[in-house]
Amino acid sequence: MKLFFHKITHWEYWPFQIVYIPIYFLWSYYSIKAKSIFFFNASNPTIKNGGFMMESKKEIYNLIPQKYYPKTELIKEGIALEKIVNTIEEAKIKYPLIAKPDIGLRGSGVKKINTIDDLKEYAEKANFDYVVQDLIPYDNEVGIFYVRYPHEKAGRITGIVSKEFLIITGNGFSTVEELIKENPRYELQLKVLKQEYGKKLLDILPKGEKLNLVPYGNHARGAKFIDGSHWITPKLTETINEMCLQIPGFYFGRLDVMYNTIEELEQGLNFSVVELNGAASEPTHIYDPKHSLFFAWKELARHITYMYEISVANHKNGAPYLLHKDGMKEYRMHLEQSNKIVNF
């Protein structure tokens, strides 16, 4: 009951179908103006469906200069473990590593792989293509929303979200599970954590020892999102713009970035791109608990307007909108893929 009331009184946990109700009307308006429900297809012409659905992470990584992201390999569904191991060894990807669906859904199916046994378990269970990649060595993560109109030589940062991982600190007598239950945000993840950690949740952490239970900044997996838009500076914008201009056909989306310090990130040092998300990107700084639902609506409307205007501009330059028949087919495939991952 405590967790139920926590979710009810914090809109960040509400189903997105509820949160987005006013946005559906704005989307309908723009669809009528563009004469296509699937106008988003033209927002990022080099990314499948603009990055709104059924886009491959590996294909997006291939657009990004290698120096900006960790070593990554695509593993097809059903490939034998021996071949997977050979692929990892040839790519010089080290344990622990990250495995995640090639076509993902809000962090579902993402797992830290510590050993070959973990890899075997993941491979046997995965009924989808996935990528394996080096674990990024930096401690901090931000989501940086980037927007550039096709006629512009430089883009802009429209929002930054900082992410606090699901980290507990031992007191010398409480079990991991008891420490998790001290924080409603963490306790909401307990069912999934029990599946992942099993009896390890009964371990007692020494006093002062920290344990990062989910080593990636995903809201659906317990990370706290904090609005870091005050970090936007001309220098950081210049650094991010320099990278994004090297990504062909990328105009609208969010870069999830791990980094050492914000000062080094501003200078373009010691950071790595976790993912690049296209048309389906949210300005995730809205999920800072300090923000109201009205603030979220305003920011969502602002960013969907950016996407519409960029899509129209690219369409005028020859980028096609997705035909309705093809769009509905892609959407059905997206739902099917989502069900696979959610049930993983």
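**Stop 1: a five-strand sheet.** Colour the strands and look for an open sheet of five in the order E9-E6-E5-E10-E11, with antiparallel pairing. Strands (E, at least two residues) and helices (H or I, at least four) are DSSP runs numbered from the N terminus, and two strands count as paired if DSSP finds at least two bridges between them. This is a predicted model, in which local features need pLDDT of at least 70 and side-chain atom pairs count only at pLDDT 80 or more, while totals for chains, interfaces and linings use all residues. Residues are numbered from 1 along each chain as its sequence is written, and side-chain values use heavy atoms, with hydrogens and water left out.

Which strands are at the edges of this sheet? Select 224–227 for E9 and 271–277 for E11: each of these edge strands pairs on one side only. On average, neighbouring strands here are turned by 25 degrees against each other, direction ignored. Angles run from 0 to 180 degrees between N-to-C directions, and the axes are lines fitted to C-alpha atoms, for helices over the stretch in contact.

Now zoom in on E10 (residues 252–259), which is joined to E11 by six bridges, the two running antiparallel. Within that pair, Met258 has Ser272 in E11 as its bridge partner.

**Stop 2: the helix on the sheet.** Select 234–244 to see helix H10, which packs on the sheet and touches E5 (140–147), E6 (156–164), E10 and E11. Contact means heavy atoms within 4.5 Å. The direction of H10 makes about 100 degrees with that of E6. Show the side chains of Leu236, Thr237, Thr239, Ile240, Asn241, Met243 and Cys244, the buried residues of H10. Buried means under 20% relative accessible area, exposed over 50%, and partly exposed in between (1.4 Å probe, protein chains only). These buried residues of H10 pack against E5, E6, E10, E11 and helix H11 (262–266).

**Stop 3: a four-strand sheet.** Next, find the open sheet with the order E1-E4-E2-E3, again with antiparallel pairing. E1 and E3 stand at its edges with a single partner strand each, so one side of each has no neighbour in the sheet. Neighbouring strands of this sheet are turned by 30 degrees against each other on average, direction ignored. E1 and E4 (residues 130–134) pair antiparallel over four bridges, with Ile75 opposite Tyr130 in E4.

Select Thr72, which belongs to E1 (residues 72–75). Thr72 is buried, with a relative accessible area of 7%. Leaving out residues up to four places away in sequence, Thr72 touches Lys58, Tyr61, Ile93, Val131, Val132 and Gln133. Thr72 and Lys58 are 14 residues apart in sequence and 7.6 Å apart in space, C-alpha to C-alpha.

Stop 4: Most residues other than glycine have a negative phi, and most peptide bonds are trans. Select Asn49 and Met54, both in the loop between H3 (21–34) and H4 (57–63). Phi is positive in each: near 55 degrees for Asn49 and about 60 degrees for Met54. Are they buried or exposed? Asn49 is buried at a relative accessible area of 6%, and Met54 is buried at 9%. Then move to Pro96, in the loop between H5 (81–91) and E2 (97–101). The peptide bond from Tyr95 to Pro96 is cis, with omega near -5 degrees.

**Stop 5: a pocket.** Finish by selecting Lys112, Asn114, Tyr197, Asn212 and Pro215. Of the 24 residues lining the second largest pocket, these lie nearest its centre. A pocket is an open set of points on a 1 Å grid over the protein atoms alone where a 1.4 Å probe fits, with protein on both sides within 12 Å along at least five of seven lines; lining residues have an atom within 4 Å of a point. E3 (111–113), H6 (116–125), H9 (190–197) and E8 (210–214) each supply at least two residues of the lining. The largest share, three residues, comes from E8.
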